[in-house]
Amino acid sequence: MAEGAVEAPAESGGGGDPGAIEPERGVASIKLQYLTTKEHFHEFLEAKGQEKPSQETEAGDPAGNDRAEPEAKRIRLEDGQTEDRQTEEAVEPREQPQAQKRARGQNKCRPHVKPTHYDKNRLCPSLVQESAAKCFYGDRCRFLHDVGRYLETKPADLGPHCVLFETFGRCPYGVTCRFAGAHLGPEGQNLVKEGLVQAPPVRNGLDKVLQQQLRKRKIHFKRAEQALRQLSKGQLPGPTPEATVPEVMEAEGAPGQDNCDAQQAPQGPGTVAPPSGPLRTCGPLTDEDVVRLQPCEKKRLDISGKLYLAPLTTCGNLPFRRVCKRFGADVTCGEMAVCINLLQGQTSEWALLKRHPCEDVFGVQLEGAFPDTMTKCAELLNRTIEVDFVDINVGCPIDLVYKKGGGCALMNRSAKFQQIVRGMNQVLDVPLTVKLRTGVHERVNLAHRLLPELRDWGAALVTLHGRSREQRYTKLADWRYIEQCVTAASPMPLFGNGDILSYEDANRAMQTGVAGIMIARGALLKPWLFTEIKEQRHWDISSSERLDILRDFAHYGLEHWGSDTQGVEKTRRFLLEWLSFLCRWDRGGGVGCLGEARPNPLPGAPVRRYVPVGLLERLPQRINERPPYYLGRDYLETLMASQKAADWIRISEMLLGPVPPNFVFLPKHKANAYK
């Protein structure tokens, strides 16, 4: 995997003047023998260990920032003249003023994220699953039913080993698997190993019947509507005789039906089947079915002193959480889910709620701006999924959420915020938690005022991120303010969050009196951070060990998203999203890679975040420090330090095989598109 490994000291060649590399504020202190220049860094990657030159690197700008501009933008920059892609059928420029005008703006030439070629020559699912029954659609089916024709157009296998076949003894994707050569017989049949191991079920999936009921709005939310009526009258929500109806009856359309028959045979147009969940049984009626739990009787969330992996949008998917669990994360939480999308039965949103069996303490995070949708969504999840807690997102800073009244905006809408917390707490049988920031504006802190109210409203735990919405990540987290908020929240436990990248940072955070710490960006940069904190040491992890972590993520992704073409490419894209996050955008001036001044820096220049422990002059590395250009101890470590998307794709090819033709990767959280 690293045949071109080479020792960095012999190749550095970028020592420069020793006086120019004194530690500067905001710059990671790296040992002199590893420092280099930007030009030498990219020359080293191109010259060492590459089997073929990358075409993507040839399209970058002279400064080496790999900025491949979209076609329409390049036309505007060059006043309508381009040197490439000109054909004899080119239309005169005067005939396209409208097209150029429509192309103005940002990312107008952005290609579709979801490729359309997946549906071409796709095999019918009835053949993939080896079902004995014929295709339900018959002649109207738009998929192929000829396996031989499918194999003629199927791309070559990506590798000789199938993760699903080797792990579970059978690959459910059969002939469509991109590693099918490992488990296909001489006649194309799907082989099965002896001693079949059943794949662990992933919980909290979306039932098709429930999805249809949500789309047709046939689900009734009696408990939520009752709580909302009480809140609108200024009353505190509480149990009433109407609330002592069994849980499964609340979803019924005909209240006169027998409860047992309604569960087993939900027939008829006016009847709504209860959603599938932990209470989907038909047996004797117990007190637990009839008597409503009081707030004091709820299961307590005792996670004090545990390491809490933050809900991370896009990157905090199920395979990544499995990686963090393996390194010692105690508590995990799903990605932020929008309550309206859940109530509409969107498959992509419900996928964020899935839970792997290894996640012993797991919660989901909801985002919403209005009490009715949040309370109804909480009641729906209380019936249908298995979680240990539900978290309210009051810390999301992005405009798309904030301008609709959700996320951080709830901190300034105390009346709505109170109704949301009280209403959700009333309909949930699991603890309710809240994640919030210090405030909306930089110098106007609001958290210390809200924490006592949240305690009275029924929140079981609050996590405080030590920054305001206005700050984003421009300044360090304010742990002094978090320490003040611990007293304001007492006796309710308060978790702290912000700038934890080493066990020293975690120890200082715990000295503030918080009940525990939540780790977000630090887990993305160093998934082994949980091990470092528990073992109180710095882990000088090698490049091969880091590649093994990425390989585990790829294997978990193939298990979760599938080993067919769609699953492989989805795994690759989420892997690239993770690798792209390891590179932040340096938008300010300051100091260059060898200490030189940068009076006019290029805005949005990518800078690598993580620096291996063995290369640092002093420990620990701070999360806000900008590493200079350096050469690692071998080629693979240097490749992992690259900020070019072409090098990220090269790493993905080590794990998932070559990328398909015309592959384009566009990071979701970056302003610029990289090809």
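1. In helix 20, which spans residues 503-510, the buried residues are Tyr503, Glu504, Asp505, Ala506 and Ala509, where buried means under 20% relative accessible area, exposed over 50% and partly exposed in between, with a 1.4 Å probe and protein chains only. Helices (H or I, at least four residues) and strands (E, at least two) are DSSP runs numbered from the N terminus.

2. This is a predicted model, in which local features need pLDDT of at least 70 and side-chain atom pairs count only at pLDDT 80 or more, whereas totals for chains, interfaces and linings use all residues. Residues are numbered from 1 along each chain as its sequence is written, and side-chain values use heavy atoms, with hydrogens and water left out.

3. The cover over the buried residues of helix 20 includes helix 19 (479-489), strand 8 (516-519) and helix 22 (529-535).

4. Two cis peptide bonds deserve a look. One of them joins Ser490 and Pro491, with omega about 5 degrees, and Pro491 lies in the loop between helix 19 and strand 7 (494-497). Another runs from Leu619 to Pro620, with omega near -5 degrees, and Pro620 has its place in the loop between strand 12 (605-608) and helix 25 (635-640).

5. Asp499, in the loop between strand 7 and helix 20, is not a glycine and yet has a positive phi of about 65 degrees. Asp499 is buried, with a relative accessible area of 15%.

6. Thr314, a residue other than glycine, also has a positive phi, near 75 degrees, and is found in the loop between strand 1 (307-309) and helix 12 (318-326). Its relative accessible area is 14%, and Thr314 is buried.

How values were computed. Contact means heavy atoms within 4.5 Å.
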